[in-house]
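Here's a quick tour for anyone meeting this structure for the first time. Have a look at the sequence and the model, then read on.

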Amino acid sequence: MSEQNIELRDGRELKLTITEEGLILDVYAENESGDKAHVGTQGMMFDGWADWVLVNAKAFLPYTDCRHCGERIRPAFGYYIFDNDSVYINEQHSDACENESGKHQP
Ligand SMILES: [Zn+2]
């Protein structure tokens with residue numbers, strides 16, 4: 001198990017706890033008397049965090065139009081959003097495009 005406390009610029013503190021099974025995030029903030037108080041926690045097993053990341057990433061995936069064929073495309077599930085080498089897929093989940101690279105491109 002490892003723990004790390006991170007002081008945030010606004011005075012709050014984030015504690016990361018990594019166990020064998022998961023990751024726990026605790027937030028501390030100053031109360032009225034200036035003492036740090038525990039104000040929230042979120043803990044999940046690693047696979048739960050992976051699911052959380054993918055669900056939230058999908059919510060923010062930018063759709064765009066392929067510059068070759070004009071189809072509506074988005075980065076494939078699980079790829080980095082801002083990586084230009086990402087695989088872009090259409091709404092039928094196909095990355096195949098009629099251009100020199102054979103892949104849709106934003
Ligand atoms: Zn295309």
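What follows is a short walk through the fold, the strand pairing and the confidence scores.

## Before you start

This is a predicted model, where local features need pLDDT of at least 70, side-chain atom pairs count only at pLDDT 80 or more, and totals for chains, interfaces and linings use all residues. Residues are numbered from 1 along each chain as its sequence is written.

## The overall layout

The chain has one helix and seven strands; helices (H or I, at least four residues) and strands (E, at least two) are DSSP runs, numbered from the N terminus.

Strand 6 (residues 72-75) pairs with strand 5 (residues 64-65) in the antiparallel sense, over two bridges. To count as a pair, two strands need at least two DSSP bridges between them. Asp65 has Arg72 as its bridge partner. The two strands make a hairpin with six residues between them, and Gly70 in the turn has a positive phi of about 80°.

Strand 6 also runs antiparallel to strand 7 (residues 88-90), with three bridges joining them. Here Pro75 is partnered with Tyr88.

On pLDDT, the predictor's confidence in each residue from 0 to 100, the chain averages 85, and 86% of the residues score at least 70. Over residues 80-84, though, pLDDT stays under 50.

Key. Contact = placed C-beta atoms within 7 Å.
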